[in-house]
Amino acid sequence: MTVRGIRVFAALIGLAAATPALAHTGSVVGGFFGGFAHPLLGPDHVIAMVAVGLWGAFLGAPAIYTLPVVFPLVMAAGGVLGILGVPLPGVEIGIATSAVILGMMVALAAQPPLWVAAVLVGAFAIFHGHAHGAELPADADAVAYSVGFVIATGCLHLAGIGFGLLAQWPAGRMAVRAAGGAIAIGGLMFLGRLA
Amino acid sequence: VIGRALLALALALISEPAQAHPPPLGIPGFFGGLLHPFFVPAHALAVTGLGLLIGMQIPHWGRTAAFGFVAALAAGLGMMTLGVVPRWMGEVLLVSAAITGVLAVLARMLPEVLGATIAIPIGIAVALDSPPEVISLREANLMLVGTGLGATLFLMAVMEVVARLKRPGPRLGARILGSWICAGAMLALALQLAR
């Protein structure tokens with residue numbers, strides 16, 4: 001074999017041994033933390049998730065557990081649509097609008113029937129799920145990523161519920177309503193950026 | 001000679017080990033098998049969902065579903081030793097997890113036969129989706145025994161803890177966990193099927 005041949009072979013070995021640089025390694029741990037971080041990195045998602053918890057706590061039982069149960073289930077259905085590439089118009093507008101509407105519900109101390117609240121939250125959950133589903137990395141460990149993703153979403157709801165429980169006291173009620181107002185304003189800002 | 005050696009080296013570099021699931025925490029043998037159901041997300045999801053479902057139905061249900069799971073697990077591990085090649089076991093686990101999650105959310109009294117009907121495919125799938133990654137027959141058998149024991153202990157622990165939740169708050173927490181399991185399983189299933 002000539003020197004040139006050896007060099008060609010050496011180059012081939014280098015190419016063969018090289019592996020692609022992967023942001024997501026597909027490992028269970030990386031998949032879980034990648035999924036867990038995903039909902040926390042979008043401020044429009046975060047404020048809407050907290051608003052769901054706040055409103056649930058504000059409405060009291062049974063909304064306090066119905067809304068955080070409805071949201072992940074419907075969000076998963078939206079996520080499936082996003083993963084399968086089924087188009088949904090106005091996803092970003094829907095997400096920003098969810099923060100505005102849910103924030104206003106808390107700020108105005110709105111107390112609609114449970115089914116109205118559940119339908120409203122469920123409708124917005126489709127947009128959130130679709131956006132997340134469309135962004136799920138193809139090379140992550142599917143189960144670990146999804147579990148991390150859902151747990152983070154649930155934790156945001158629980159954070160909202162935790163803060164919303166302050167509504168039992170008059171001063172806390174004002175604080176919760178003020179937080180709802182702030183979320184609505186944040187949603188309006190996100191809507192303004194989209195316009 | 002050099003050319004052949006380089007070719008062999010190149011082939012050795014591009015070949016990858018056949019992997020089922022990496023041993024949990026790198027622990028081989030019995031203890032690796034014991035930890036396996038806790039560290040493989042699809043297994044953990046399905047077993048937790050089944051434990052939630054059975055635990056929430058106790059005392060209305062007896063332990064038939066749990067015995068069904070253990071019997072199916074043992075049968076699946078036996079099939080594994082006979083060289084049965086598993087296919088679609090991950091998908092079976094995710095579908096089962098989604099069903100158990102929804103049933104846990106609904107928290108309705110259900111016939112016990114339904115629990116056994118769901119427990120049996122989960123038991124078989126957990127077993128068949130746990131191929132030992134070792135060459136030694138003794139080591140492989142130890143891992144399978146560990147997996148059987150680990151999955152059984154896992155189910156019993158979840159089931160007994162949930163069965164002891166009597167106050168409304170923790171019961172609601174179990175239902176919220178059911179919704180997370182269902183949502184995570186749906187997303188993971190869609191992600192796997194989309195690949």
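The second largest pocket is lined by 12 residues, and those that lie nearest its centre are B:M80, B:T81, B:G83, B:P131 and B:P132. A pocket is here an open set of points, on a 1 Å grid over the protein atoms alone, where a 1.4 Å probe fits, with protein on both sides within 12 Å along at least five of seven lines, and lining residues have an atom within 4 Å of a point. The structure is a predicted model, in which local features need pLDDT of at least 70 and side-chain atom pairs count only at pLDDT 80 or more, whereas totals for chains, interfaces and linings use all residues. Residues are numbered from 1 along each chain as its sequence is written, chains are lettered from A in the order in which they are written, and side-chain values use heavy atoms, with hydrogens and water left out.

The elements giving two or more residues to the lining of this second largest pocket are α4 and α7 of chain B, and α7(B) gives the most, with 4 residues; helices are DSSP runs (H or I, at least four residues) numbered from the N terminus. By class, the lining has 9 nonpolar, 3 polar and no charged residues.

The largest nonpolar core has 49 residues, of which B:L45, B:L50, B:I54, B:F69, B:L94 and B:I122 touch the most other members. Such a core is a set of buried Ala, Val, Leu, Ile, Met, Phe, Trp, Tyr and Cys residues joined through side-chain atoms within 4.5 Å, where buried means under 20% relative accessible area, exposed over 50% and partly exposed in between (1.4 Å probe, protein chains only). At least two residues of this core come from each of α7 (142–164) of chain A and α3 (41–57), α4 (64–81), α5 (89–106), α6 (112–128), α7 (137–163) and α8 (168–194) of chain B, with α3(B) giving the most, 10 residues. Another core, of 45 residues, lies apart from it and includes A:F58, A:A76, A:A140 and B:L187.

A cis peptide bond, with omega about 0°, joins A:A61 and A:P62, and A:P62 has its place in the loop between α3 (43–59) and α4 (63–83) of chain A. In chain B, the peptide bond from B:I58 to B:P59 is cis, with omega near 15°, and B:P59 is in the loop between α3 and α4. A:A109, although not a glycine, has a positive phi of about 55° and counts as buried at 17% relative accessibility.

Methods: Nonpolar A, V, L, I, M, F, W, Y, C, P; charged D, E, K, R; others polar.
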